[in-house]
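This briefing covers the overall dimensions, the annotated domain and a few loop residues of one protein. Please look at the sequence and the model before reading on.

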Amino acid sequence: MYNSLLTFSGTKSLEDEIYAELRGRIKEDDISAPVRRGPYYYYRRTLEGKEYVQHCRCLVSNDGAPASVYDVMQTGPDASPEHVMLDENIKAQDHNYYRIGAFRVSPNNKLVAYAEDTKGDEIYTIFVIDAETRTPVGKPLVGVTSDIEWAGNDALAYSTMDEILRPDKVWLHKLEADQSSDTCLYHEKDDMFSLVLEASESKKYLFVASESKITRFVFYIDITELGKGLTVLTPRLDGIDTSVSHRGNHFFIQRRSEEFFNSELLACQLDNTSATTVLLPHRESVKIQDIRLFSDHLVAYERENGLPRVTIYRLPAVGEPLESLQDGLTVDFIDPVYSVDPSESQFSSSVLRFSYSSMRSPPSVYDYDMNTGISVVKKIETVLGGFDSSNYVTERKWATAADGTQIPISVAYRKDLVKLDGSDPLLLYGYGSYEACIDPSFKASRLSLLDRGFVYAITHIRGGGEMGRQWYENGKLHKKKNTFTDFIACAEYLIEKKYCSKEKLCIHGRSAGGLLIGAVLNMRPDLFTAAVAGVPFVDVLTTMLDPTIPLTTSEWEEWGDPRKDEYYFYMKSYSPVDNIAARKYPAILVTAGLYDEADHEEKEEESAEEDVPSDPRVMYSEPAKFVAKLRDVKTDDNVLLFECELGAGHFSKSG
């Protein structure tokens, strides 16, 4: 470690230079794209020199007029006065860590419920305040998750967790009542399942979903009849995954099964939920990722050939028969590879809002008129420091895996600096778990690499969801090693095509992506010159053998249950801690998060065991054990650094 410190003793000026660049690109005094809800525009404001946001609103000047893509929140002397509902900077003053996990305005716009985490352990406290006066309403709800929804204007639904931090109960809370008198709507006793709360876009129903990695079933409750409790909408069937929403006299059901692995979209009448109509059939090459409902339209967020797409369908009038949806309108995007995500829209309008970015295009918010096809940009994230998107190139490439599978790679570089002759440095990122889609999006901090001649690449490897459900299935359980060999194949492809050389190839991954980094370091340590493993899940066997650790039981459908021999020996064959050997490794940085209660100014009288949980997803002991074993066994003198952040959870420090 002493030698490592000597290695970095001359980098202070470079550190200062990069830090100045990172901060210099940020427009600190800014607001988010305003969202219209009823008579108000809601938005978040950031202030120069401040770490956190203000939650603000102001009155709509033309309240009563239908929403339009041309709507603009007035500014200047004639604008409605801004009202700050909550200033996180003030709330965070007494805490080393501060995060708002949910901020929900009541349907009548009079109250705000927000969930606050002051430790980084993802255990929240819910506060309800008057939106105008900011005065508290009732007592806080303690020991809860950030999953909260309004049930009308006088009640909240929220969830709590069991001892392994699994959301297992959903509660109904009447405002100003004591938390001890809250009604438990549902208790999920199966520790393979966790509960999720959702509100329909129509705001007329709440849905409670119980989900494992392969099964999901849903209950509903009518907001106007809370006393009736939950009703089963989709039954619990092993291997069947359903998500639901509501419009008019129909529920809409997105349903995935082993046969229809990329999902189909169904509809049923409210009074006859067992009789369904297929609106969008299953397609082997197109995955239905999500749907969003409007009073007159349905929007399908889909994936095809590794890229997201947005398709809009017009719905018949409420009360008319619902039949198969045809002739959808697809939104066009400008970059060859990109990221697009739904943003909050008004259910009663014909305006769809989405966010868009690519590795060369800063995040933008668009309003899209679903009747005319006209789109209007509402906000482009300002990137200071002379940024010009035309200086950068973004591409889609395909590597061939060992079994012949084509693996997509998203690549970005600065065209006037990169030579593509094998001499350029390259940072390769990967994740490849949980069906997560790591779409190529913009990150201003990445410019400090690109502007120094780096190539940046994202591997869309199996275990993720970029290419559909089967892509995920072929990178989990007994096929998990495909994730690692895909990553290696991508690295070899980039070297072959002269994007870099072994001596200039750096790799990066976090959490399950940190497992990826640990695994490929053991499999091909000769292929890379440097690696960064952030909060890595590297002690796979030890963790998955202990059902008392958070997340373990629900993860058995992702990784396997090592209490069974077939999974034990397969997992042991790739678990990074268990495969470290006496060999040369590249330079490595490993990070972890540890919340240290002793650093808190207002230390509560708790036991030592309760003081330390920290990162509730990957315990700090995993990366610490990985580093200790590497130091003991590896045969090289390359830098090996371990950084453990005190006062940080899985997602690093707040602010």
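What percentage of the 655 residues in the protein is buried? Buried residues make up 53% of them, where buried means under 20% relative accessible area, exposed over 50% and partly exposed in between (1.4 Å probe, protein chains only). The model is predicted: local features need pLDDT of at least 70, side-chain atom pairs count only at pLDDT 80 or more, and totals for chains, interfaces and linings use all residues. Residues are numbered from 1 along each chain as its sequence is written, and side-chain values use heavy atoms, with hydrogens and water left out.

**Overall dimensions**
- The C-alpha trace spans about 70 × 55 × 55 Å along the principal axes.
- Of the contacts with a separation of 6 or more, 56% are between residues 24 or more positions apart; a contact means heavy atoms within 4.5 Å.

**Surface and charge**
- Carbon and sulfur atoms hold 50% of the accessible surface, which comes to about 28900 Å² (Shrake-Rupley method, 1.4 Å probe; for residues, only the protein chains shown count as cover).
- The protein has 72 positive and 103 negative charges, and their mean positions are 4 Å apart.
- Lys and Arg count as positive and Asp and Glu as negative, without His and the chain ends; each charge is placed at NZ of Lys, CZ of Arg, CG of Asp or CD of Glu.

**Secondary structure and annotated domain**
- There are 12 helices and 36 strands, defined as DSSP runs (H or I, at least four residues; E, at least two) and numbered from the N terminus.
- An unreviewed UniProt entry places "domain: Peptidase S9A N-terminal" at residues 11-378; such annotations may be inferred rather than shown by experiment.
- This span, residues 11-378, is 5% helix and 48% strand, and its end C-alpha atoms lie 41 Å apart.

**Loop residues**
- Lys203, in the loop between strand S13 (194-199) and strand S14 (205-211), has a positive phi near 65° and is exposed, at 57% relative accessible area.
- Leu551 has a positive phi near 80°; Leu551 sits between helix H8 (540-544) and helix H9 (552-559) and is partly exposed, at 32%.
- Asp271 is in the loop between strand S19 (264-269) and strand S20 (272-280) and is exposed, at 67%.
- The C-alpha atoms of Asp271 and Tyr98 are separated by 45 Å, with the two residues 173 apart along the chain.
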